[in-house]
Amino acid sequence: MDFEAFSRLLDRARDHAGDYLRSVRDRRVYPDDAALAGLQAFDGPLPRQGLDPHAMLDMLQRYGAPAAVATGGGRYFGFVNGGLHPPALAARWLADAWDQNAAFHVMSPVAAKLEEVCERWLAELLDLPEGTAAGLVGGTSTSLVCGFAAARNALLQRQGWDVAAKGLFGAPEITVVLGAQAHGAVYRALALLGLGRERVVTVPCDDQGRMRVDKLPPLDDRTLLILAAGNVNSGAFDLFTPLCERAKAAGAWVHVDGAFGLWAAAAPSTRALCDGMALADSWSVDAHKTLNVPYDSGIVLCRDRRALVDALQTSGAYLEWSGQRESMLYTPDMSRRARGIDLWATLATLGRDGVADLIEQLCTGARQIADLLRAEGFHILNDVVFNQVLVACGSAEETEATLKVLQSSGEIWCGGSQWDGKPVIRISVCGVETTPEDLARAAAAFARARQSVAGVPA
Ligand SMILES: *Cc1c(COP(=O)(O)O)cnc(C)c1O
């Protein structure tokens, strides 16, 4: 393809993206049935002869865009998804055109440089020890695998066992201690690493979902203690200072799952939630949640650079080591996109103050919607300390029915969860686009939805 044709194709993609983005604040948050039915357009067989590229883009625009979930529009409160920081998307587009492979320094000096800068900036921003290593992975799920692998290997190394060489059969045992409300991704990572989903020691939580310090079992230097910066439902933070001090004194390894909450360390009004967090050994966080970087942007952070690199080591005669920081030593991937470019773009354009403002905006939004819903007579079940709000109606049935109406309304979208054994509606305020007007519209949608289900037996 000649450059002029290539360029026209990119223009068309940008035009379609522009049409989408122009309408994203006003469109339905979740596609309606007609838009979902339109996806059948993709059901045909693999064509023998390829589509014209412009026709392919038109097809995506015609059938794909209407079925997209408008997470970037300000009225999406599902999961903990985050929206889109425009400079991050722009930088990603530019870097996509460069088509860099971030595995090695020699493959892309620019990707390597920006990763190195992000590593340094992240430690500063999150108040972590100087020299903390960072690996840029797909998300917190992968980050947890990397952090736990570093922990497992380091703990066993101290017992004289080289797990990378010998495997786990016959190895000394490691104890894994975690809170009763640890995220499912934590269990999956433990299962993948041979640490067992079921052999963990579970510590009961308090009414906010925080690990109870008084219930912490004895720890030793064969223990991996997993803590949470941001309970997946309530947003609560474990009490790091007493927990980490106990762990440090015992020689245990502490990993913090802070997929969305680790960023609390970067804002004055939430920093205290992270007191003592820097005492841990490793941390997981997503840039694609609270920081609003496009997806596929997770980070593993590790105090002991050697431990992380050793756990993810690889070798091959053709590998080219430059003597500089090699990105692939910090992730399980080899070839991958240059994640550091859009992360750098986000940090560089927000700056320290902009990151703090973003976090404060989300937390303020969470408190606002909680207040609005309380005023409408809904029950707010958690202390709103970060960006998560748990909502219930008068009865479990009413809560479930209200959630169903909300999810099909197109006006807003929230997920559901269980809290204290009962169904709740879970609000996550995590999109940079969400305004006070969006929150008012959301509260009104809640009130209308509950109204429409009135008459459901209590
Ligand atoms: C989202 C989340 C995860 C999983 O992160 P992904 O980026 O989706 O892989 C793990 N832990 C917590 C607390 C989360 O919120």
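In this predicted model, a side-chain N or O atom of His 288 lies 3.0 Å from an oxygen atom of the ligand, a polar contact (a pair of N or O atoms within 3.5 Å). Residues are numbered from 1 along each chain as its sequence is written, and side-chain values use heavy atoms, without hydrogens and water. Local features need pLDDT of at least 70 and side-chain atom pairs pLDDT 80 or more, while totals for chains, interfaces and linings use all residues.

- The side chain of Ser 141 places an N or O atom 2.6 Å from an oxygen atom of the ligand.
- Asp 257 has a polar side-chain atom 2.8 Å from a ligand nitrogen atom.
- Of the 380 Å² of accessible area (Shrake-Rupley method, 1.4 Å probe) that the ligand has on its own, the protein covers 83%.

**Surroundings**
- Residues around the ligand (a heavy atom within 4 Å) include Gly 139, Thr 140, His 183, Ala 185, Phe 260 and Lys 289.

**Domains**
- The chain is assigned domain 1 (3-70) and domain 2 (90-347), with bounds from an automatic or database domain assignment.
- The C-alpha centres of domain 1 and domain 2 are 36 Å apart.

**Confidence**
- The average pLDDT (the predictor's confidence in each residue, from 0 to 100) of the chain is 96, and 98% of the residues score at least 70.

How values were computed: A polar contact is a pair of N or O atoms within 3.5 Å; within protein, one must be able to donate a hydrogen and the other to accept it, and residues adjacent in sequence count only if both atoms are side-chain atoms.
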